[in-house]
Amino acid sequence: EYALKIQKIMKINGLTQTELAALLGTISQNVNRWLGEVYLPSPEFREKIDELFKTSITEEALNGKSNS
């Protein structure tokens, strides 16, 4: 679930793993581990990812983008 959310956030916003990590306040290796489903994000990062996801989806809808 979180790997898909992270992928969508990165795609909508044109972010690299390093850029997303900086936004979340972590290192790119953690983002890589979450994408590979090696580890789940901690509750703190799950909350941040959920917020970014909501914001990204809202902005995508407002801008009429279709990145499916």
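Predicted model: local features only at pLDDT ≥ 70, side-chain atom pairs only at ≥ 80, totals over all residues.
Figure 1. The accessible surface amounts to about 4,400 Å². Carbon and sulfur atoms contribute 52% of that surface.

**Figure 2. Overall fold and dimensions of the protein.** The protein has four helices and zero strands, and from the N terminus on its elements follow the order α-α-α-α. The C-alpha trace spans about 35 × 20 × 20 Å along its principal axes. A compact globule of 68 residues would have a radius of gyration near 11 Å, so the value of 11 Å found for the protein agrees with that expectation. Among contacts with a separation of 6 or more, 56% join residues 24 or more positions apart. Of the 68 residues, 29% count as buried.

**Figure 3. The largest nonpolar core.** This core holds 13 residues. The members that touch the most other members are Ile6, Met10, Leu20, Leu24, Val31, Trp34 and Ile49. Two or more residues are supplied by each of α1 (2-13), α2 (17-24), α3 (28-35) and α4 (43-63). Helix α1 gives the most to the core, with four residues.

**Figure 4. Surroundings of Ile49.** Ile49 is one of the core residues that touch the most other members. Beyond its neighbours within four places in sequence, Ile49 is in contact with Tyr2, Lys5, Ile6, Ile9, Leu24, Trp34 and Pro41. Of these partners, Ile6, Leu24 and Trp34 are also listed among the core residues that touch the most other members.

**Figure 5. Lys5, a buried residue of helix α1.** Lys5 lies in helix α1. Its relative accessibility is 15%, and Lys5 therefore counts as buried, the limit being under 20%. When neighbours within four places in sequence are left aside, the contacts of Lys5 are Ile49, Asp50 and Phe53.

**Figure 6. Val31 within helix α3.** Val31 has a relative accessible area of 0% and is therefore buried. Like Ile49, Val31 is listed among the core residues that touch the most other members. Apart from neighbours within four places in sequence, Val31 is in contact with Ile6, Gln17, Leu20, Ala21 and Thr26. Glu51 is 20 residues from Val31 along the chain, and the C-alpha atoms of the two residues are separated by 16 Å.

**Figure 7. Glu47, an exposed residue of helix α4.** The relative accessibility of Glu47 is 58%, and Glu47 therefore counts as exposed, the limit being over 50%. Glu47 lies in helix α4. Glu47 and Asn63 are 16 residues apart in sequence, and the distance between them is 24 Å, C-alpha to C-alpha.

**Figure 8. Glu37 in the loop between α3 and α4.** The phi angle of Glu37 is near 55°, a positive value in a residue other than glycine. Glu37 has 57% relative accessibility and therefore counts as exposed.

Conventions:
Residues numbered from 1 in each chain as written. Heavy atoms only, no water. Core = buried A, V, L, I, M, F, W, Y, C linked by side-chain atoms within 4.5 Å. Buried < 20%, exposed > 50% of the residue type's maximum accessible area, 1.4 Å probe, protein only. Contact = heavy atoms within 4.5 Å. Rg over C-alpha atoms; globule rule 2.2 N^0.38 Å. Areas by Shrake-Rupley, 256 points an atom, 1.4 Å probe, with all protein chains shown as cover.
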